[in-house]
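Look at the structure first, then follow each step.

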Amino acid sequence: MAVTSGIVSSGGNVFDIGECLPSALEYAMKLLDAEIGCYADCEVTGKLQILSRGGLPLTRGEERKISAGINRSEYSTLPFTEYGKITKVNANTMYIRSIENTLKGRLDGIFVNVSSPNSDIAELSRELLEDKNDPNGERVIFNITSDGKKCSAYSEKTGHVIFERLVLICLRSYFEKGRAVAIPFTFPKVAEAVADEYSVRFTVTLELRLTTRIRKRGKSQQNAHSHVMQSLLC
């Protein structure tokens, strides 16, 4: 509430999404077109994470601007009549519905288990996949990090599949649909080889983000593993 009060008293409008997963905050930011996001982690030690538009990390310019304002104690003071508004939004509900829409139908030929040190992520994944799994399908285990931003996979057929390789599978699937994609600047350059297959042009922005603009669409069927990966990380 302290962060909310500070923003509102400075004239900003706030979407209060309540208690949620970090990935749900990022999803809500995109859906609500929020300019900035704040995630307060109050578990062991209190932490406040600030995100830029679209749920992306702050640019260096944004970090310097915030730091300079704090160092100079520059805080807006407005009369009560000019305070911003607080709108309550249930981010978790929106987030879960989005994943359910992605996971339409049963998972043909695979049975997915999710492991995560974050009990909320593990429980949510179990509930979402309970009626989707193929009881006779190949067992695939996804290990998701506590912040929900990375995962790896394992099956007897493929062995251990690292996060970067899973992202490449998803990239291929998105390129086939003609959809734009954003990946970290530090991501392995092998992504460029995948982009070349679909005539995708890469642009590196000053904010150290890698974006893509689709020129031509590919034509092939979506992989089931990619389908689950996109659902778990969206």
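Q: In this predicted model, which residue in S6 is the bridge partner of Asn 113?
A: S5 covers residues 110–115, and S6 covers residues 138–144. The two strands pair in the parallel sense over six bridges. In S6, Asn 113 has as its bridge partner Ile 141.

Q: Which strands stand at the edges of the open sheet?
A: The sheet has four strands in the order S5-S6-S7-S8, with mixed pairing. An edge strand here has a single partner strand, so one side of it is left without a neighbour in the sheet. The strands at the edges are S5 and S8.

Q: What angle does the direction of helix H6 make with that of S7?
A: Helix H6 spans residues 163–176 and packs on the sheet. It touches S6, S7 and S8. Its direction makes an angle with that of S7 of about 90°.

Q: Is Asp 33 buried or exposed?
A: Asp 33 is found in the loop between helix H2 and strand S2. It has a positive phi of about 55°, although it is not a glycine. Exposed means over 50% relative accessible area. Asp 33 has 52%, so it is exposed.

Q: What is the relative accessible area of Ile 70?
A: Ile 70 lies in helix H3, residues 60–71. With Ile 36, Ile 66 and Tyr 75, Ile 70 makes a nonpolar surface patch of about 400 Å². Ile 70 is exposed, and its relative accessible area is 51%.

Methods. Residues are numbered from 1 along each chain as its sequence is written. This is a predicted model: local features need pLDDT of at least 70, side-chain atom pairs count only at pLDDT 80 or more; totals for chains, interfaces and linings use all residues. Side-chain values use heavy atoms; hydrogens and water are left out. Buried means under 20% relative accessible area, exposed over 50%, partly exposed in between (1.4 Å probe, protein chains only). Patches are made of residues with over 30% relative accessible area and no salt bridge: like charges are joined within 9 Å, nonpolar side chains (Val, Leu, Ile, Met, Phe, Trp, Tyr) within 5 Å. Accessible areas come from the Shrake-Rupley method with a 1.4 Å probe; for residues, only the protein chains shown count as cover. A salt bridge is a side-chain nitrogen of Lys or Arg within 4 Å of a carboxyl oxygen of Asp or Glu. Two strands pair if DSSP finds at least two bridges between them. Contact means heavy atoms within 4.5 Å. Axes are lines fitted to C-alpha atoms, for helices over the stretch in contact, and angles run from 0 to 180 degrees between N-to-C directions.
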